[in-house]
Amino acid sequence: MNIMNLSALEIAQKIANKEITSVDVVQFYIDRIHALSHLNSISELFETEALEQARQKDLQMESGICLSPFHGIPILLKDNLDVKGHITHAGTVYLNDIAQQSCELVLQLECLGFVILGKTKMTELAFGLSGQNPMQGTPMNPWSAQQLSPGGSSSGSAVAVAAGLSPLAIGGDTGGSIRTPAALNGIFGFKPSSHKIADQGAVPLSASLDTLGPFSRFAEDITVLYQLLSASSCESEQETDVIYYLDEASFPFPLEAQILAIWRNFLHRLEVQGFKLLPWAVPKSFDFQDLSDRTSDIIAYESYLYHGEKAEDLQATMWELVRQRVLRGKEISQRDYETLIQEREKFQLLFKQSLHGRSLLFPVSPFFALVSSQEDTEFTHVGEYTRPFNYLDAPSYAFPVGSSQVGLPMGLQLVSHQGNDCAVVNTVQKIAQSMTIQAPVAPLCIHEV
């Protein structure tokens, strides 16, 4: 049985039709996780528990109980989410408390009939965009035999989906941590507006900015899952054929030549498909570096509130770069922090007014996956493309659009104003359908099982 090229919804339909069982599906992915363990994307595999959950889902199906369109489907979770009976490491080697109860999202997933397959590795405390984690080991980008950056901080979740280790995974995005790994691994990843998806019970980095969201290789999976998790009825919302795009003269940092060519080609392909593209008039007060810096300062300030005591403890084993990122938070005054929070509404309103209810096409990264250094500075300019939309609390959806000459994938992001999530989801769905965009399993992972 090979179900890698099926969406989660298609697999669930086969379970509902009694063509396969949830146990079959879960065992398939467990076998792949073991066979591709060198990818180092899994923090903890719930093998025994997942198979038992799958048996229960099959019994429910035999009794005529189908909890959702995803009944019996396995899903992986970023390891900053509490699952009862398991340690929530959050990418560290020092957090070792066993969760006494599952977080709200996990309970919600279980009620929808999902099987919790395990947890995925992540950047320590979710503090970084490259995906590096010297403490636990960095997941491998499955598109290269070389150790290239998987993108962070939801590195393990994106790698697992791209490698076909699970049809779905949950990540988190505080400054680009869903969109960056989605783009670098060639899959779909959606960052909703804040609190659209329940986030209680997640280890925080910055509660003002932390947002949970899904990864998949298929847009339709994310469309349906987002509606279920957010209790949104996106079917009543219309997608749009009119999309704004950022003019090249306004790019926060120059795109590599191949990525610029992908960008231009994709705009042309959209127009061929009947989409109307309009250049976006950037609000006069917008400076992408400034918006990125505002996001970074909020992250630093709030991360120190949550993790400062551990960062101050030099006996605590922590990646020194993450320690210093956390400690920077104590250099930011409460007054400056409160000003940053208060001024968010002004910028959010300006952004909303500039879009006229529409969405905006924007790059995710100015370069493909890189070899990361110990200084972890290579991804500085990625933040200029992703962090502004965290400060704006903008729904932001990364999706694959092309690859480099050596086959490394790249994605773009569609964003809109706060709360306009359904329009973004529906528009990406329409783009994916009209242009037949589906994310393939990373080629290096196809024949290894």
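Visitor: Which residues lie nearest the centre of the second largest pocket, and how many residues line that pocket?

Guide: Asp199, Ala202, Val203, Pro204 and Asp210 lie nearest the centre, and 20 residues form the lining. The model is predicted: local features need pLDDT of at least 70, side-chain atom pairs count only at pLDDT 80 or more, and totals for chains, interfaces and linings use all residues. Residues are numbered from 1 along each chain as its sequence is written, and side-chain values use heavy atoms, with hydrogens and water left out.

Visitor: What makes a set of points a pocket, and what makes it a cavity?

Guide: Both are found on a 1 Å grid over the protein atoms alone. A pocket is an open set with protein on both sides within 12 Å along at least five of seven lines. A cavity is a set of points where a 1.4 Å probe fits but cannot get out. Lining residues have an atom within 4 Å of a point.

Visitor: What is the volume of the second largest pocket, and which strands supply at least two residues of its lining?

Guide: The space is about 250 Å³. A volume is the space filled by probe spheres set on the points, with grid points joined across faces, edges and corners. Strand 4 (168–173) and strand 6 (211–216) each supply at least two lining residues. Strands are DSSP runs of E, at least two residues, and helices are runs of H or I, at least four, numbered from the N terminus.

Visitor: How does the lining of the second largest pocket divide by class?

Guide: Seven are nonpolar, nine polar and four charged. Ala, Val, Leu, Ile, Met, Phe, Trp, Tyr, Cys and Pro count as nonpolar, Asp, Glu, Lys and Arg as charged, and the others, Gly among them, as polar.

Visitor: What lines the largest pocket?

Guide: The lining has 26 residues, with Phe127, Gly128, Ser296, Arg325 and Arg387 nearest the centre. Helix 9 (288–312), helix 10 (320–327) and helix 12 (383–391) are the elements giving two or more residues. Helix 9 gives the most, six residues. The pocket holds about 520 Å³ of space.

Visitor: How many cavities of 30 Å³ or more are there, and what lines the largest?

Guide: The count is one. The largest cavity holds about 40 Å³. Met4, Tyr29, Val161, Gly164, Ser166, Pro167 and Arg217 line it.

Visitor: Why are helix 9 and helix 12 called roughly perpendicular?

Guide: Their axes come within 7 Å and cross at roughly 65°. Axes are lines fitted to C-alpha atoms, for helices over the stretch in contact, and angles run from 0 to 180 degrees between N-to-C directions. Angles under 35 degrees count as roughly parallel, over 145 as roughly antiparallel, 65 to 115 as roughly perpendicular and the rest as oblique. Helix 9 and helix 12 are therefore roughly perpendicular.

Visitor: What makes helix 9 oblique to helix 11?

Guide: The axes of helix 9 and helix 11 (residues 334–355) cross at roughly 135° and come within 10 Å. Helix 9 is therefore oblique to helix 11.

Visitor: What is the handedness of the crossing of helix 9 and helix 11?

Guide: The crossing is left-handed. That term applies if the near helix is turned anticlockwise from the far one by less than a right angle; clockwise is right-handed. Helix 9 also passes helix 12 in a left-handed crossing.

Visitor: Which peptide bond is cis, and where does Ser153 lie?

Guide: The bond from Gly152 to Ser153 is cis, with omega near 10°. Ser153 lies in the loop between strand 3 (115–120) and helix 5 (155–162).
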